[in-house]
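Here's a quick tour of the model shown below. Keep the viewer open as you read.

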Amino acid sequence: MTDVLDDELTSAFERAHEAPQWAMPGWPDSAGRVRRAATRARTRYAAAAAVGLTLVAGGALAAVHALPSGEDRVLPSNGGNSTDANGATGAKWLLSPSDFDAYTAAHPSPSPSTDRVPSPAPSDAQLAQLQRDVSAALPAGATTVRSDAADGGVRGDAIIWLRLADGTPVAVERTRLDYPRVLSTAVDSATEEVAPEHFTDPQTWADGTAYTIVTGQAFGYGLDRQTQWSGPFVWTVTPDGWFTMWTAPVASDTLLGWAQSADASFVGG
Amino acid sequence: MEEFEDFVAGALPELLRFGVVLTGDRHRADDLVQTALVKTMRRWSSIDRGQPMAYVRRVMVTTQLTWWRRLRRETAMPEGVDVVDPSRPEAAYDDQDELARALAVLPPRQRAVVVLRYYAGYSEAEIAETMGCAPGTVKSQSAKAMRTLRRVLHTDEDVRPPAEALP
């Protein structure tokens, strides 16, 4: 490749290191953005570690039995969304690895480039609804540290970071799913590295909302460099696909209680 | 992890620029860098501290090619080339605009070979390792790319990219 074209390309690409055509603005919170993306990515990788799946339709009692022991055990209650016209529950959005593989084989995943918006985005009705639900669920004295209607540039992905009165950080994220999520340990497709995460079997509340608990030491959220934590996570999803993720360095039962309380007041977007 | 955060802060401008050169699409580049950094973060403890940039570039290239294969199979391409501003007067175009339009004609694998060779300054062996292919594949992809670029850059023909070449 030592000809005129070779020289032209060498010269043009040298200038490409400085030319404005190829430049992009940086990210205001680059490390935080990577951490948050890591959390979201866990649900998108193909699964390697199989997780048992037992759907308990309308299983309020079974849901209680599935919870870890603790004094702050959550009692199931009605509220929030009901099952849809076909009697489906939110569990249809949370699939085992094998079910997820079967689903992806039959349903192309949406293009990741179609729902892109600038971040931070201005507040919207969805973020306001989430703020109300979260405020109603958390103990008095919780303060919002920051919020974003489109975290990381994902349309409709509202997220709120808070601190409880004792300083405990909490993050809550809500989005409308257009594709199921797989309940599995994340595997990095490039490195085959398996994250140490564990999913409970999905359960459903009496109203048809499904939830699952994720624990592990994978990267979680952070308010800043000094305030970062890993698991547990609680995922809830309504029959019509409203997915809410809670995470805070507290007992799983406590987190589940907040999630359930918020879900009870949520009426969909 | 503070070391990783410092790396991200320092390397981000160059990674984003590499992403735009590699894909020709700022949105795609943005996604690509984010995805590559997530993968890098998970492997940070085992990455050669002297070569983190090379590692991230390798992940970006392999991810870009994987995405392209997946998207080509599953969806129509929603975007074209966004590096060249179509509102700019033709007279204001410079060699970088010409380079952008020429690269847009190349399929992603050929584009990756050219970008790694000329932008990143990699040898054929390094390109093969980065792309996870044989050196012979690099040679053949490079030869095809050069034939196309010679035709595009040295003639005035319309270089509208074929559908399969869109990033």
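Chain A has 6 helices and 12 strands, where helices (H or I, at least four residues) and strands (E, at least two) are DSSP runs, numbered from the N terminus. Chain B has 7 helices and 0 strands, so to speak of its pattern along the sequence is to write α-α-α-α-α-α-α.

Some ground rules: this is a predicted model, so local features need pLDDT of at least 70 and side-chain atom pairs count only at pLDDT 80 or more, while totals for chains, interfaces and linings use all residues. Residues are numbered from 1 along each chain as its sequence is written, chains are lettered from A and ligands numbered from 1 in the order in which they are written, and side-chain values use heavy atoms, with hydrogens and water left out.

Here are the chain totals. Buried means under 20% relative accessible area, exposed over 50%, and partly exposed in between (1.4 Å probe, protein chains only). Contact means heavy atoms within 4.5 Å.

**A covered strand in chain A**

Let's start with β12(A), residues 242-247, where 6 of 6 residues are buried. Which residues sit on each side of β12(A)? One side has A:Trp242, A:Thr244 and A:Trp246, the other has A:Phe243, A:Met245 and A:Thr247, and all are buried, so both faces are covered.

As for its neighbours, two strands pair if DSSP finds at least two bridges between them. β4(A), residues 169-176, pairs with β12(A) in the antiparallel sense over 6 bridges, with A:Arg174 bridged to A:Thr244. β11(A), residues 233-237, also runs antiparallel to β12(A), joined by 5 bridges, and here A:Phe233 has A:Thr247 as its partner. β11(A) and β12(A) form a hairpin with 4 residues between them, and A:Gly241 in the turn has a positive phi of about 95°.

**Where the chains meet**

Now for a helix pair that spans both chains. The axes of α1(A), residues 4-16, and α7(B), residues 135-153, come within 11 Å and cross at roughly 85°. That makes the two helices roughly perpendicular (under 35 degrees counts as roughly parallel, over 145 as roughly antiparallel, 65 to 115 as roughly perpendicular and the rest as oblique). The axes are lines fitted to C-alpha atoms, for helices over the stretch in contact, with angles from 0 to 180 degrees between N-to-C directions.

From α1(A), A:Leu5, A:Asp6, A:Glu8 and A:Leu9 meet B:Met146, B:Leu149, B:Arg150 and B:Leu153 of α7(B). These divide into 5 nonpolar, no polar and 3 charged residues (Ala, Val, Leu, Ile, Met, Phe, Trp, Tyr, Cys and Pro count as nonpolar, Asp, Glu, Lys and Arg as charged, and the others, Gly among them, as polar).

**Two spots in chain B**

In α6(B), residues 124-131, the buried residues are B:Ile127, B:Ala128, B:Thr130 and B:Met131. They line one face of the helix, because they fall within an arc of 165° seen down its axis (the arc is that of the directions from the helix axis to the C-beta atoms). B:Ala125 and B:Glu129 are exposed on the other side. After α6(B) comes B:Gly132, with a positive phi near 70°.

Lastly, B:Pro108 lies in α5(B), residues 108-119, and counts as buried because its relative accessibility is 6%. B:Pro108 is 85 residues from B:Thr23 in sequence, yet their C-alpha atoms are 7.7 Å apart in space.
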